[in-house]
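Hi,

Here is the structure I promised to pass on. Have a look, then read my notes below.

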Amino acid sequence: MKFTGTKDYVATDDLKVAVNASIVLERPLLVKGEPGTGKTVLAEEVAKALNAPLLTWHIKSTTKAQQGLYEYDAVSRLRDSQLGDARVSDIKNYIKRGKLWEAFTAEQRPVLLIDEIDKADIEFPNDLLLELDRMEFHVYETGETIKAKQRPIMMITSNNEKELPDAFLRRCFFHYIRFPDDQTMKSIVDVHFPGIKPRLVSEALKTFYEIRDTPGLKKKPSTSELLDWLKLLLVDDVDPETLREKSPNRLIPPLHGALLKNEQDVHLFERLAFLHRREGSRPGS
C-alpha cells in the first residue's frame, strides 16, 4: 500500500514520502499549510489512489471529541418511552456512531480525514489521545468496547489557527505543504486546464506571484483562487497582453475579485495605482 500520486493531484516528492511514512508507521499524518494548498483534497486523492473508502470528519468550533466516537440521544429515548415506542427496550437504537467508530469497524482499511482540527477547542486533540494510541474506546451505555479491525490511514489538517498540544504532536507524522513554486504551479494548472494557452498561463502566474509578494497584503491569494481566476480569464477570453500591460490603470488585474478577497487589499492596490499615476505625471518623469 503506497501512495504515488494521481493524475488529478500534483504531489511533490516530499509529500509522497510523508504520506507513505505515516502509512508505514501507522501514525496520523498531520498536514499544515496555507488555506487553498490542497490539504483536504490530499486525503481524497490518497483514498482514490489506494482504492480505499474515505471517511471525513469536518471539525467546527463546537465539535467535541466524543462526537467522533458516538453520541447517545437520551432525549429521543425519553420521548419514545412516553409514547410507548417498543424501540426504547434496546438502548442501541439511540446510539449514533461517529466517524472513528465507522473507521474502526470498516471491513476495508479506510482513509479517515479529520479536517481543520485547529478549529475545535484546545482540549479536543488531547481528548483523542487514548483512542489514537489504543485504537479502541468504551461505550458506557451498552458496556461494549469498540476495537479497530485495522488501523485506519488517518490524515489530519490544520490551518494553524491554534497551537496543538505536544502530546498530540508526538503521535503524528508532520508535513508542511509549502506554497507551490512556479513550475509546480504550472503542473497544477495543466491538470485542471489541459491545453490552456501557455502565454496566458505565463502572464497570469507572473501577475499572481507579484500580487502575493506585494508588501502589506492582508490575505495572499491561494492556489484555488488562482484556478478560479484562470477559469474566468478563459471564459472572458482575456488577452495575455492585457495582463502584461503595467500602466498605472492596470495595477489591479482584471476580474481581481477572484484574487483579492477583502476591501483592505483592494484599497492597497488602488493606492499603489494612484501613487504610480502621480509619479508618472510629475514633470521630467
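Which residues does Leu100 touch, leaving aside those up to four places away in sequence? The contacts are Trp57, Gly68, Leu69, Leu112, Leu128 and Met154. Before you go further, note that this is a predicted model.

**Nonpolar cores**

Leu100 belongs to the largest nonpolar core, which has 30 residues. Together with Ile114, Phe124, Phe137 and Phe168, Leu100 touches the most other members. Helix α5 gives the most, with 4 residues. As background, nonpolar side chains tend to be buried together in soluble globular proteins.

**The largest pocket**

Next, the open space. The largest pocket has a volume of about 580 Å³. It is lined by 31 residues. Closest to the pocket centre are Tyr9, Thr37, Gly38, Ile177 and Ile188. Elements that each supply at least two lining residues are α1 (13-25), α2 (39-50), β9 (173-177), α8 (182-192) and α10 (223-235). By class, the pocket lining divides into 13 nonpolar, 11 polar and 7 charged residues.

**Helix α8**

Ile188 turns up again here. In α8, Met185, Ile188 and Val189 are buried. These three cover an arc of only 100° around the axis, so they sit on the same side of α8. What covers the buried residues of α8 includes α9 (198-212) and α10.

His175 is found in strand β9. Is His175 buried or exposed? Its relative accessibility is 9%, so His175 counts as buried, the cut-off being under 20%. Not counting residues up to four places away in sequence, His175 touches Asp14, Leu15, Ala18, Leu29, Leu30, Val31 and Lys32.

Glu203 is in helix α9. Its relative accessibility is 5%, so Glu203 also counts as buried. Leaving out residues up to four places away in sequence, Glu203 touches Pro240, Leu243 and Arg244.

**Cavities**

How many cavities of 30 Å³ or more does the structure hold? There are 2.

- The largest cavity holds about 70 Å³ of space. Its lining consists of Ser22, Ile23, Glu26, Arg27, Pro28, Arg109, Met135, Arg151, Pro152, Ile153 and Met154. The elements that give two or more residues to this lining are α1 and β8. By class, there are 6 nonpolar, 1 polar and 4 charged residues. Met154 is also one of the contacts of Leu100.
- The second largest cavity has a volume of about 40 Å³. Its lining consists of Ile117, Asp118, Ala120, Asp121, Ile122, Pro125, Lys162, Glu163, Leu164 and Pro165. This lining divides into 6 nonpolar, no polar and 4 charged residues.

That is everything from my side.

Best wishes

Methods. Residues are numbered from 1 along each chain as its sequence is written. This is a predicted model: local features need pLDDT of at least 70, side-chain atom pairs count only at pLDDT 80 or more; totals for chains, interfaces and linings use all residues. Side-chain values use heavy atoms; hydrogens and water are left out. A nonpolar core is a set of buried Ala, Val, Leu, Ile, Met, Phe, Trp, Tyr and Cys residues joined through side-chain atoms within 4.5 Å. Buried means under 20% relative accessible area, exposed over 50%, partly exposed in between (1.4 Å probe, protein chains only). Contact means heavy atoms within 4.5 Å. On a 1 Å grid over the protein atoms alone, a cavity is a set of points where a 1.4 Å probe fits but cannot get out, and a pocket is an open set with protein on both sides within 12 Å along at least five of seven lines; lining residues have an atom within 4 Å of a point. Grid points are joined across faces, edges and corners, and a volume is the space filled by probe spheres set on the points. Ala, Val, Leu, Ile, Met, Phe, Trp, Tyr, Cys and Pro count as nonpolar, Asp, Glu, Lys and Arg as charged, and the others, Gly among them, as polar. The arc is that of the directions from the helix axis to the C-beta atoms.
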